[in-house]
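User: I am new to this structure. Please take me through a few of its features, one at a time.

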Amino acid sequence: MNYSVTKVKTLNGREGYGFSCVLLKNGKKVASCYDYGDGADIHIEWDNRTPAVVKNRNFEDIIIERPGYIEEAQFNDFVNSLPIIKGEVPEYNMFPSPHLVIEDLVNHSIGLKKISSMLKKSVIFKTPDNKILSSKPSNDKSLDDLLNAIQSKHNDYQILNKLGLEEVYNIFKTHNLIG
């Protein structure tokens, strides 16, 4: 199963930022999600209300069954199959939760949108010494002109504009340039 989010909107709440989004499974809408930024859990409205048993994993790695909906049960099964989240020390390890997974999907979506916008305005490149730099074109040059000039002068630079968006996202994440 492939889960993603779309229609992400952010807001400032009383306890930090919040968001709303649509949760997709294999490209089809399964739920609407709301984080009001008030410190509470994400509110999820499942589209398919067919009853099912939902299995939640608690912090002690115990699966607790409760009534819920079919799409919720399938999403929780997906979440329960994910690897443990490693902490700085083993005592800080934790199991993924549906809310953490949705928040990660939202942050990923926001990151992709920011990077896409950056790539449309600047040439972003990685130098041989592993630095990520960017340059904006002057008023009399296009982005393509600048990209070609950088590439011809510095053929050892990796031009990130030529890579896929997910690949650029992963490079940014590796360099701690995006959350």
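Analyst: First, a term: two strands pair if DSSP finds at least two bridges between them. Note also that this is a predicted model.

User: Which residue in strand 6 is the bridge partner of R57?

Analyst: Strand 5 covers residues 51–57 and strand 6 covers residues 63–69. The two pair in the antiparallel sense over seven bridges. In strand 6, the bridge partner of R57 is I63.

User: Which residue takes a positive phi in the hairpin of strand 5 and strand 6?

Analyst: The hairpin has five residues between the strands. With a positive phi near 65°, the residue is D61.

User: How are helix 2 and helix 4 oriented where they pack?

Analyst: Helix 2 spans residues 98–121 and helix 4 spans residues 165–174. Their axes lie 10 Å apart, at an angle of about 105°. Angles of 65 to 115 degrees count as roughly perpendicular. So helix 2 is, relative to helix 4, roughly perpendicular.

User: How many residues apart in sequence are the parts tied together by K29 and D47?

Analyst: The side chains of K29 and D47 meet in a salt bridge, 3.2 Å from N to O. K29 lies in strand 3, and D47 in the loop between strand 4 and strand 5. The pair therefore ties together parts whose separation in sequence is 18 residues.

User: Which element has the highest mean pLDDT?

Analyst: The protein averages a pLDDT of 93. Helix 3 has the lowest mean among the elements, 92. The highest, 98, belongs to strand 3.

Notes
Residues are numbered from 1 along each chain as its sequence is written. This is a predicted model: local features need pLDDT of at least 70, side-chain atom pairs count only at pLDDT 80 or more; totals for chains, interfaces and linings use all residues. Side-chain values use heavy atoms; hydrogens and water are left out. Axes are lines fitted to C-alpha atoms, for helices over the stretch in contact, and angles run from 0 to 180 degrees between N-to-C directions. Helices (H or I, at least four residues) and strands (E, at least two) are DSSP runs, numbered from the N terminus. Angles under 35 degrees count as roughly parallel, over 145 as roughly antiparallel, 65 to 115 as roughly perpendicular and the rest as oblique. pLDDT is the predictor's confidence in each residue, from 0 to 100. A salt bridge is a side-chain nitrogen of Lys or Arg within 4 Å of a carboxyl oxygen of Asp or Glu.
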